[in-house]
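Student: I have a structure open and would like to go through it in questions and answers. Where do we begin?

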Amino acid sequence: MDVQRAPRSVDHSLWRTRLGLAADRLRENWAAFVRARVGVIGLAVIIFYALLAAAHPVLMSTVWDESIYDPVVGYSFDETRQPAPPSLRHPLGTDPLGRDILSQLMFSARSEFMLGLLAAVVTVCIGTMVGAAAAYFGGIVDTILMRLADIMIMMPGISVLIVLSALIGVEHLELGLIIGVLSGFGGTGVVLKSQALSVVVKPYIQAARVAGGGPLHIILVHVVPNLLPLSFLYMMFTVTSAIFSEAVLSFLGLLDIRMSWGLMIHTTESAGYLTQVTEAWWLIFPASLSITLLCSSFYLVGRSLDEVVNPRLRRA
Amino acid sequence: MQTDGSRPLLRVDGLSKRFPVSPVWYRRSNSFVHAVDGVSFEVARGESFGLVGESGCGKTTTGKLLVRLMDPTCGRIVFDDGDEGPVDVSTLKGKPLKRFRRKAQMIFQDPYESMNPRRTVFDTIVEPLKVQRMGSHLDRLDRVLRMLGLVGLTPARTFLFRYPHELSGGQRQRVAIARAMVIEPSFVVADEPISMLDVSVRAGVMRLMEDLAARLEIGYLYITHDLAAARHTCSRIAVMYLGKIVEIGETETVLQSPKHPYTQALLSAVPVPDPTVTRPPVRIRGGVSPSLDPPARCRFYDRCPIADDFCRDNEHPPLQDKSSGQMASCYRV
Ligand SMILES: Nc1ncnc2c1ncn2[C@@H]1O[C@H](COP(=O)(O)OP(=O)(O)OP(=O)(O)O)[C@@H](O)[C@H]1O
Ligand code: SF4
Ligand SMILES: [Mg+2]
């Protein structure tokens, strides 16, 4: 048919329009996120801890002497008594082994983030694909994936980790993978499947099939994007649960890790200070407060994202 | 109506679709909904063939079977658009199935749900070209812009990157039509394309579909429950009742002198524009009986005003020529 061809420049300006539209959407979503308030508080706390984590290596290579301030093998020779209360040299005091608490706190923040993000990314990748595949294919694929999910959900997470840590050394990397797999094939996968079920019956899925799109095309182009908002939400919740599980396991002394917030509390406990809150508060509060704050911040961000992606929850 | 004596575009032969009532994949069900039950008809190239009937009689299911969105329980669908030899749609797989999908498209009943809310108009229309790997990026852009012009969404460039929620119902249906037509198919199933639209835009969308059909030589299966729309668009129609075709023929003849009691009842429900004409009212009893494991006798028996014992004791009547090409399935006319 006879219509003149679109010149290349039209194509370019179209892509610019498209980018502009994406930016508009982002701005709109950000506005909704800010309106939800709690998410902004959560985000502020997360950024605060991210800055702490980033500052640690800088401090170690500039003002902090490695033999004193190393979070694992440092020792404060200046104090007469360990644990020492907060002072100018040690703003949050030292632990029963004479190590600087602030340094431990900052050092651990980085691994908490890495653990949380790893678990979240693994969860969401697995959960989205499991949910989409179970909903799209149905039948035997669905049955197998959902029975697997039942097993994952029934599995008592902490006990499994206790056994695993006895068999193989569980470090942050392994822990993140295990939590991701458990929750991706388990609860998150099931939630995303129920969302995917409402997507796969839409006529636009059938339209894509009539156009000749195969299962992979349909799952990646039509199903997964419609699951992403919910996936992000569960990503946030997974971060929370990963950091929390790590704290519990470290507190029980089950992980092969050098330092973490849970381990700080573990050290306090094994030195017998856990019940003496008034005497050695600086041993307990920094770590436990950090666990609580960071966990709840990711949760709050998740809640606000829920309002962003779920317009029905948005306030008028 | 075969325009040039050649083979029809589509020949449907004894097509059936049953849905098991307890759909657990490992347990055989012994109760079925007979959604489509032994349907046969032909669609010629470039012809608009109408499928009418009340809600739930199996129109959409028939349409979906024809574009292979579902696998038929039994029956044959022979598709032959002259490009390559005739193919049996119901057994296509892999590459040949994908090639068939270039030629047969479907426009869905609900314009509000047939576009992915996260994809722009451009993404939606270009999708068939993309999955079929047709043309370069710029060629595809050309074709999309041209289609937008053809369906009257102008200036085309301002519509390219709109999301479905930024369009009206009529505009969405135009997008759906553009998408179905962009790969220039030879057969399109149009499933009540105007029933969800405002009355004021119906005529426009209908005219558009006729235009495109003429321009691209498309054969339509036009599904509707609106007899006036069918009369306007279709050269031939089939009337469906509970999964069976009960009457089939030239639209004008069927609507002027319906033979089957069900068609007569349908028509008597349509108001006549001329006040001097009075049609004898045809009363039918009861509501639609379920097509769940129906008895072998005539499907219309329970509601038929002229049924007799012969109808009760015999099988569903076959389609028979009642007058020069007009076929009806009834023992008593
Ligand atoms: N996927 C399915 N599973 C089970 N039953 C189905 C399925 N699809 C349709 N049916 C049944 O098949 C019968 C015919 O449905 P169909 O959608 O073809 O009707 P229709 O003629 O298009 O009606 P409408 O005019 O309301 O769109 C109905 O009884 C319906 O309940
Ligand atoms: S065959 Fe008998 S029951 Fe069926 S439509 Fe004709 S008259 Fe009615
Ligand atoms: Mg329908």
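Tutor: We begin with a definition: a residue is buried when its relative accessible area is under 20%, exposed when over 50%, and partly exposed in between. Keep in mind that this is a predicted model.

Student: How many of the residues of helix 3 of chain B are buried?
Tutor: The buried residues include B:Val121, B:Phe122 and B:Ile125, and also B:Asp123 and B:Glu127. Helix 3 of chain B is mostly covered, and the count of buried residues is 10 of 11.

Student: Which residue with a positive phi follows helix 3 of chain B?
Tutor: The phi in question is near 50 degrees. The residue that follows helix 3 of chain B with this value is B:Arg133.

Student: Which residues are the protein donors of the magnesium ion (ligand 3)?
Tutor: The donor atoms are an OG1 and an OE1, lying 1.8 to 2.8 Å from the ion. They belong to B:Thr60 and B:Gln109.

Student: How many residues apart in sequence are the parts that this pair ties together?
Tutor: B:Thr60 lies in helix 1 (residues 59-66) of chain B, while B:Gln109 is in the loop between strand 6 (104-107) and helix 3 (121-131). The pair therefore ties together parts whose separation in sequence is 49 residues.

Student: Is B:Thr60 buried or partly exposed?
Tutor: Buried requires a relative accessible area under 20%. B:Thr60 has 24% relative accessibility, so it counts as partly exposed.

Student: Which element gives the largest share of the shell around ligand 1?
Tutor: The residues around ligand 1 include B:Phe19, B:Ala35, B:Lys59, B:Thr60, B:Thr61 and B:Glu192. By class, the shell has three nonpolar, six polar and two charged residues. The largest share, three residues, comes from helix 1 of chain B.

Student: What percentage of the accessible area of ligand 1 does the protein cover?
Tutor: A backbone N or O atom of B:Gly56 lies 2.7 Å from an oxygen atom of ligand 1. On its own, ligand 1 has 640 Å² of accessible area, and the protein covers 63%.

Student: Is the ring pair of A:Trp281 and A:Trp282 stacked or edge-to-face?
Tutor: A search of the whole structure finds 15 aromatic pairs over all chains. The ring centres of A:Trp281 and A:Trp282 are 6.0 Å apart. Planes over 60 degrees apart count as edge-to-face. The planes here are at 90 degrees, so the pair is edge-to-face.

Methods: Residues numbered from 1 in each chain as written. Chains lettered and ligands numbered in written order. Predicted model: local features only at pLDDT ≥ 70, side-chain atom pairs only at ≥ 80, totals over all residues. Heavy atoms only, no water. Donors = N, O, S within 2.8 Å, 3.2 Å for Na, K, Ca; no water. Helix = DSSP H or I, 4+ residues; strand = E, 2+ residues; numbered from the N terminus. Buried < 20%, exposed > 50% of the residue type's maximum accessible area, 1.4 Å probe, protein only. Near = heavy atom within 4 Å. Polar contact = N/O pair within 3.5 Å; in protein donor to acceptor, adjacent residues only side chain to side chain. Areas by Shrake-Rupley, 256 points an atom, 1.4 Å probe, with all protein chains shown as cover. Nonpolar A, V, L, I, M, F, W, Y, C, P; charged D, E, K, R; others polar. Phe/Tyr/Trp six-rings, centres within 6.5 Å; stacked < 30°, edge-to-face > 60°.
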